[in-house]
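Subject: Structure handover

Hello,

Here is the structure you are taking over.

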Amino acid sequence: MTVANAPALVSGGVETQSRRHQLAGPAAPRAPRGFVKYLGLTPFALYVLIFLGVPTLLAVGTGFFTEDGAFTFSNVIGIFDPLVLNTFASSFWLSAVTAVIGSIIGALVCYAMLGVRADGLLRSIVDSGSSVLAQFGGVMLAFAFIAFIGTQSLLTRTLIESFGIDIYANGPWLYQVPGLILPYVYFQVPLMIITFMPALAGLKSQWAEANATLGGTRFTYWLRIAAPVLAPSFFGSLLLLFANAFSSYATAAALISQGSQIVPLQIRGALVSETVLGRENMAGALALGMIVIMVVVMWGYSVLQSRTARWQR
Amino acid sequence: MSASTAVRIGTEPSKITRWIILGIVGVVFALPILAMIEFTFRDGLSGNYTLGHWTGLFTEESARTYRGLFQAIGNSFLLAIVTVVIVLVVLLPTMILVQLQFPKLKRVLEFVCIIPITVPAIVLVVGLAPVYSVVVSIFGSSVWTLAFAYGITVLPYAYRAIQSNLDAVDVVTLSEAARSLGANWGSVLWRVLLPNLRRGILAASFISVAVVLGEFTIASLLNRVNLQTALLQVSQSDPFVAVIFALLALGFVFILLLVIGRLGRARRDRSAS
């Protein structure tokens, strides 16, 4: 905002402060020098160190120790147990499938939103609706899908009673990994809308005009101009969606109360289980495995993101 | 460029295409929410409908039955307030300081603030358990201490909201101007910088409130009670009430975020004029 009205703000104070001005002398910023000037950064640095740095190190580090504090690789090797590897595979597929579906539908919605007034009501509703579903849903999305397609829902019962179609003929899939796909898509699409919209809105109308002037069609515009420009941003958003699904816990925890079919649920199992001793350190090893994947994915995201930035000047 | 030109040369979808896409996606996304609303009017498994679940909320009996849930809502709001205080007292001054005094550290600060996306809550909570055993021995086991962890969770969102405002306002020139007119750092901060950053600060606060009210992972695995863990708890005994409160929470946060959006828009309007 207000670079424009800033002078007014400042000049309001001129009268009272002009007297002091003479004492203060010229405006050389008299910031403290040397080590002292860094003191202002310490509260934040300490806070981040204690509540982000230490927990991260502990989460990753405990995987390398036994209950008694002796160094061991057994937990980390435990990740390569076929059972655990299966869980990683389920998580991977769930994240990949929902990221692909979410990014395609989300990109379509972004396309449809092109040309909608940026300050209009429709845009406001889509923006805040997307934020709610993408960042706030969690447990409540599980409720929504139990009410929507749960065994007792209006839809399920209507299908059985009127059409004889039992969507649960093959067992209660909503409460297993396949059941997570729909709720996950439900928060992936909104996240795609939030992250991809700026890139699509950044397409310059001059490019389309140049294309039209040079005899290009709509098709050549989207294929030869828009697609290459948007590609890094699209695949970057796809990776972000993957990371989002991979690390998401609340919806799965609310739908699947028993068992550990995906990695976050397996961490829950390792954290809360009191029957199997030493499982807490297994949680550390699982956390390490998750962080490794997250770092790779987010690194790819930032590489693609910096490529996107080239066109957004 | 007028809208019709944009459609003809292909930068924008035609009206029909737009409404077909938005219509289908909109309906599909509305269905689960509508199903939740339908669910709250059901009379048990009988197949009939009743207003009872909604009216029942306002009786004295329900106030007793759902005391735990109301307590949890109180907890969540307390956590939201403390988290916003952490953002305003710890993050905001640091961001202003870095912008004014340490421009070279901007990238470092950005990197730090984005880390919580890479280290998701489910991973963080593994390491938070031992940290919290220390926190509890210092501050006691009151609910508000969870806000220390939430301050980290909201870091990426709050950072982005404040930074976009910082980038739009030339704070260096503003503060130099104020300094050259004799203002001390206190009044530079209070009378020049904060009024100019008001919208970014408000947006950061609102998004923090939204994220904290929706947080489940950390509270659940550290055995604390907040709105989301209580909702899941209640849903096992009385799913109708759980869904009603979920709808109310979704509606509340939707409006909160709608207000943020309108704030951002007002800003663009003013800078355009």
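Residues are numbered from 1 along each chain as its sequence is written, while chains are lettered from A and ligands numbered from 1 in the order in which they are written.

Confidence comes first. pLDDT is the predictor's confidence in each residue, from 0 to 100. Chain A has an average pLDDT of 79, and 85% of its residues score at least 70. Within chain A the lowest confidence is in helix α1 (residues 6–11), with a mean of 34, and the highest is in helix α5 (residues 82–113), at 91. Helices here are DSSP runs (H or I, at least four residues), numbered from the N terminus. Residues 1–29 of chain A have a pLDDT below 50, and this stretch has 36 contacts in the model beyond near neighbours in sequence. Two residues are in contact if their C-beta atoms, placed from the backbone, lie within 7 Å. Where pLDDT is low, the predicted coordinates should not be read in detail.

Next, a single residue. I149(A) belongs to helix α7 (residues 139–149) of chain A. Is I149(A) buried or exposed? I149(A) counts as buried because it has 22 C-beta neighbours inside 10 Å (buried means 20 or more other C-beta atoms within 10 Å, exposed 12 or fewer, and partly exposed in between; C-beta atoms are placed from the backbone). Apart from neighbours within four places in sequence, I149(A) contacts L155(A), T156(A), I167(A) and L174(A). From I149(A) to L114(A) is 35 residues in sequence and 33 Å in space, C-alpha to C-alpha.

Now the contact between the chains. Chain A puts 86 residues into it and chain B 90. On the side of chain B that touches chain A, helix α15 (residues 239–272) of chain B gives the most, with 16 residues. That side of chain B consists of 59 nonpolar, 18 polar and 13 charged residues (Ala, Val, Leu, Ile, Met, Phe, Trp, Tyr, Cys and Pro count as nonpolar, Asp, Glu, Lys and Arg as charged, and the others, Gly among them, as polar).

Last, the domains. Chain B divides into domain 1 (3–57) and domain 2 (61–272), with bounds from an automatic or database domain assignment. Eight residues of domain 1 of chain B contact seven residues of domain 2 of chain B.

Regards

Key. Predicted model: local features only at pLDDT ≥ 70, side-chain atom pairs only at ≥ 80, totals over all residues. Helix = DSSP H or I, 4+ residues; strand = E, 2+ residues; numbered from the N terminus.
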